[in-house]
Amino acid sequence: MKKVHILTFHKEPSYGAQLQAYALGEYIKKTGREVRMINLSLDYRNRDAAPSIPGKLRMTVSKALRGYYPFQVRNFCFRRRFSVPETGCFTSAGQLERYPWSADELYITGSDQVWSRIPGKLLPSFFFSFLPPGAPRISYAASFGERFDKATVADMKPIAERFYALSVREQQGVEVCREALGMPCVEVVDPTLLGADFSPLLLKGGKKGGVVCFNLHSDPGLSAAARRLALTRGLRLTLMRGFCYEGSWRNFFMPSIRRWITNIAQAGVVVTDSFHGMVFALLFRREFVIADTGKKSLGRLANLLSGAGIAERIVPVADLGTPKAEKLPPIDFDAVWRRLEPRVEASRNFLKTFLQ
């Protein structure tokens with residue numbers, strides 16, 4: 001079983017989505033397998049078929065006006081240069097079902113919220129409804145997201161039972177698999193923690209040090225707090241925002257994936273509300289603070305930080321730049337990675353079981 005196919009959100013306008021896809025592909029490639037990304041477009045996720053030519057034209061104009069295409073063109077170039085090869089583009093479940101998939105190759109769905117509401121009508125496809133019944137398949141670090149319909153998940157049981165094994169990225173997902181699907185499941189780490197080499201992605205040059213704020217949810221309070229922190233410490237501030245699907249001229253100034261990861265790698269301190277912002281600060285051993293704005297659940301971040309023994313890195317956004325937050329001790333990264341290594345190794349072993 002030399003060829004492995006991955007189905008995930010590999011080209012969505014999200015730094016985390018594209019880097020987790022890169023990381024899983026690179027890790028599997030290191031085992032000597034040939035890896036391909038199943039190129040399923042979510043553009044028509046809630047349609048029974050691709051729209052008419054006028055419909056496509058309206059979608060194209062809308063995306064161009066909101067800055068979607070400049071960002072995605074750079075992401076396309078990134079994938080062509082650094083990521084594993086992709087299949088031809090599929091835009092519907094019907095196209096996937098008509099393709100002659102081999103029953104002698106391994107198929108992996110995940111990571112990311114592939115079993116959430118995001119895929120819409122394509123949800124069965126992310127449970128591999130289109131594969132021959134005997135084709136070996138597993139999930140790796142799949143997620144149901146924060147909001148999901150347990151009844152809809154239960155409807156997936158007949159095709160989920162064809163999986164050789166299930167793994168998810170949150171403990172909540174383990175419980176959902178047990179209760180809604182009636183299947184055992186294990187929790188594994190995000191693919192970005194498996195050990196992929198990110199150094200080829202780093203840009204040369206640039207200013208080192210300073211405060212780098214990755215404001216995933218574009219929260220004004222977080223941006224203001226990052227400015228306060230930079231002013232308190234007398235450091236330069238670099239602001240990066242998560243992609244906004246609503247029309248905004250700021251979308252034209254989204255940094256490329258390589259610039260995003262380089263900014264974090266060169267930061268003096270990272271301030272973020274993002275899981276992957278935190279993960280890359282850990283990977284590059286950068287001091288960081290997680291800003292709790294009270295608007296989004298930080299359960300996934302808190303779980304990893306608690307396991308790493310640094311749960312105190314989550315700070316109310318109002319405390320950033322105040323003496324209370326400045327009292328945080330430096331991170332002992334050697335100790336952090338000693339605590340995380342058993343979880344990482346268990347996750348690698350889960351994959352190795354099926355890759356071998």
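Tutor: Start with pairing: two strands pair if DSSP finds at least two bridges between them. Helices (H or I, at least four residues) and strands (E, at least two) are DSSP runs, numbered from the N terminus. Now the source. This is a predicted model: local features need pLDDT of at least 70, side-chain atom pairs count only at pLDDT 80 or more, and totals for chains, interfaces and linings use all residues. Residues are numbered from 1 along each chain as its sequence is written, and side-chain values use heavy atoms, with hydrogens and water left out.

Student: What is the strand order in the open sheet of five strands?

Tutor: The order is 8-7-9-10-11, with parallel pairing. Strand 8 (237-241) and strand 11 (314-316) are at the edges; each has a single partner strand, so one side of each lacks a neighbour in the sheet. Neighbouring strands are turned by 25 degrees against each other on average, direction ignored. Axes here are lines fitted to C-alpha atoms, for helices over the stretch in contact, and angles run from 0 to 180 degrees between N-to-C directions.

Student: Which strands does helix 9 touch?

Tutor: Contact means heavy atoms within 4.5 Å. Helix 9 (residues 220-233) packs on the sheet and touches strand 7 (211-215), strand 8, strand 9 (269-272) and strand 10. Its direction makes about 175 degrees with that of strand 7.

Student: How many bridges join strand 10 to strand 11?

Tutor: Three, and the two strands run parallel. D292 stands opposite P316 in strand 11.

Student: On to charges. How many salt bridges are there?

Tutor: The rule is a side-chain nitrogen of Lys or Arg within 4 Å of a carboxyl oxygen of Asp or Glu. That gives 13 salt bridges. One of them joins D334 and R285, at 2.9 Å from N to O. D334 is in helix 14 (residues 333-355), and R285 is in the loop between helix 11 (275-283) and strand 10, 49 residues apart.

Student: Is D334 buried, exposed or partly exposed?

Tutor: Buried means under 20% relative accessible area, exposed over 50%, partly exposed in between (1.4 Å probe, protein chains only). D334 has 43% relative accessibility, so it counts as partly exposed. R285, at 38%, is also partly exposed.

Student: What does E345 pair with?

Tutor: E345 forms a salt bridge with R348, closest N and O atoms 3.1 Å apart, and another with K352, at 4.0 Å. R348 counts as buried because its relative accessibility is 18%. Shared partners join E341, E345, R348 and K352 into one network.
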